[in-house]
Amino acid sequence: MTVMDLQQKLENIKKLFNQKIRDVKNLEVLENLRVQFLGRKSELVEFLKGIKNLTEEEKRKFGPVANQLRREMEKLMEDAKKSLKMREVGKLMEKDRIDISAPAKKISQGHLHPLTLIQRKIEDIFQSIGFEVVEGPEIETEYYNFNALNIPADHPAREMQDTFWLQTPNSKLQTPKLLMRTQTSSVQIRYAENHQPPIRIISPGRVFRFEATDQTHDIQFHQIEGLMIDKNISLANLKGVLEILFKKLYGKGVEVRFRPSYFPFVEPGVEVDMKFRGKWMEIAGAGMVHPKVLNTMKIDSRIWQGFAFGMGLERLAIIKYGIDDVRLFSSGDLRFLKQF
Ligand code: PHE
């Protein structure tokens, strides 16, 4: 090889390397480049190995030049490696970046069912005027739901409340007939078994009726029962108590009126209407506790009198919130529930 050829060879290596290193896109390509230009079988390394065969003059000339070229190339490789690494770290950071200024995702929170809301409101109102809140079982015996309330088996009033009867084991044991309670009035009897007057209770809870459902009827709904027994109690006291309730629930403008009605466990019995936004609507059944029922409660009716009332919680909520279908309450439909 002539001196010119040797010179040319080094320049070619340098030129090609400089071209390629500029386009290196990632560390893998860079490593390939290193093998190609600085590896054991690369042109430059072969060149360096061959130096020993050159003349003294050529050695002096090309030895330093070739070594210098190798150092330059190594330096360029090193720089390229650093900047590629930086770029990759940058990419990773970009990918995992947490934008601490981004608005937080809203965690949806549950809340109380509209019936629970209104029930609690009603409980608060009654507790503020000295009533106690008591509960009774949803599965009842015929005795508490009917007989003790002056509704014997053959009484036509049983047909007023179509009943879900439970199948009880067909044994010789005298198991009482069980049913899903049709009214919370059963709690009056239970409470009186271990309390004597004066009595002031309300009893909220679920009741069941075996009937076709429509916009205003469901097979299950909730009632609030009330019972107050004391001396000199009259329908006027009932009216006063209900007025307190309705005014606190619906505003001072509401009015209350009674219409004569019939329930076997009260005498006289009344239907309670409330006037709200100019419209009268039926809202409760009520009356003075029947002497027969007081007798069952072992309360002396010559000394004590009392009133009882029962009203539908759904009805109260429907009026308060302007709901048009009673079945929505037990539908579990979130579009409905989320509005409260
Ligand atoms: N229990 C009656 C009903 O469900 C309502 C009522 C309760 C009437 C108390 C009078 C006294 O229809």
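Helices here are DSSP runs of H or I with at least four residues, numbered from the N terminus. All views show a predicted model.

**View 1. Ile118 sits in helix α5.** Helix α5 covers residues 114-128, and Ile118 lies in this helix. Is Ile118 buried or exposed? Its relative accessible area is 0%, so Ile118 counts as buried; the cut-off for buried is under 20%. Leaving aside residues up to four places away in sequence, Ile118 touches Leu249, Leu313, Leu316, Ala317, Lys320 and Tyr321. Among these partners, Leu313, Leu316, Ala317, Lys320 and Tyr321 fall within α10 (313-321). A further reference point is Gln220: 102 residues separate it from Ile118 in sequence, and 17 Å separate the two C-alpha atoms in space.

**View 2. Helices α2 and α4 pack against each other.** Two packed helices are described by the angle between their axes and the distance between the axes. Here α2 spans residues 27-38, and its axis comes within 10 Å of the axis of α4. The crossing angle is roughly 170°. Angles over 145 degrees count as roughly antiparallel, so α2 is roughly antiparallel to α4. From α2, the contact draws on Leu27, Leu30, Leu33, Arg34, Phe37 and Leu38. From α4, it draws on Arg70, Met73, Glu74, Met77, Ala80, Lys81, Leu84, Lys85 and Glu88. By class, this contact of α2 with α4 holds nine nonpolar and six charged residues, with no polar ones.

**View 3. The second largest pocket is lined from α2 and α4.** This pocket holds about 210 Å³ of space. Its lining consists of Leu27, Leu30, Glu31, Arg34, Leu38, Arg70, Glu74, Met77, Glu78 and Lys81. Helices α2 and α4 are the elements that give two or more residues to this lining.

**View 4. Glu78 lines the second largest pocket.** Glu78 is one of the lining residues of that pocket. It lies in helix α4, which covers residues 56-95. Its relative accessibility is 41%, so Glu78 counts as partly exposed. Gly39 is 39 residues away from Glu78 along the chain, and their C-alpha atoms are separated by 15 Å.

View 5. The volume of the largest pocket is about 980 Å³. Its lining has 38 residues. Which of them lie nearest the centre of the pocket? They are Arg209, Phe221, Gln223, Gly312 and Arg315. The elements β5 (220-230), β7 (266-276), β8 (279-289), β9 (305-312) and α10 (313-321) each supply at least two lining residues. Strand β8 gives the most, with six residues. By class, the lining of the largest pocket has 16 nonpolar, 11 polar and 11 charged residues.

**View 6. One cavity reaches the size threshold of the search.** Across the whole structure, one cavity of 30 Å³ or more is found. The largest cavity has a volume of about 60 Å³. Phe146, Ile151, Ala157, Met160, Gln161, Gln183, Phe263, Pro264 and Phe265 line the largest cavity. Seven of its lining residues are nonpolar and two are polar. No charged residue takes part in this lining.

How values were computed: Residues are numbered from 1 along each chain as its sequence is written. This is a predicted model: local features need pLDDT of at least 70, side-chain atom pairs count only at pLDDT 80 or more; totals for chains, interfaces and linings use all residues. Side-chain values use heavy atoms; hydrogens and water are left out. Buried means under 20% relative accessible area, exposed over 50%, partly exposed in between (1.4 Å probe, protein chains only). Axes are lines fitted to C-alpha atoms, for helices over the stretch in contact, and angles run from 0 to 180 degrees between N-to-C directions. Angles under 35 degrees count as roughly parallel, over 145 as roughly antiparallel, 65 to 115 as roughly perpendicular and the rest as oblique. Contact means heavy atoms within 4.5 Å. Ala, Val, Leu, Ile, Met, Phe, Trp, Tyr, Cys and Pro count as nonpolar, Asp, Glu, Lys and Arg as charged, and the others, Gly among them, as polar. On a 1 Å grid over the protein atoms alone, a cavity is a set of points where a 1.4 Å probe fits but cannot get out, and a pocket is an open set with protein on both sides within 12 Å along at least five of seven lines; lining residues have an atom within 4 Å of a point. Grid points are joined across faces, edges and corners, and a volume is the space filled by probe spheres set on the points.
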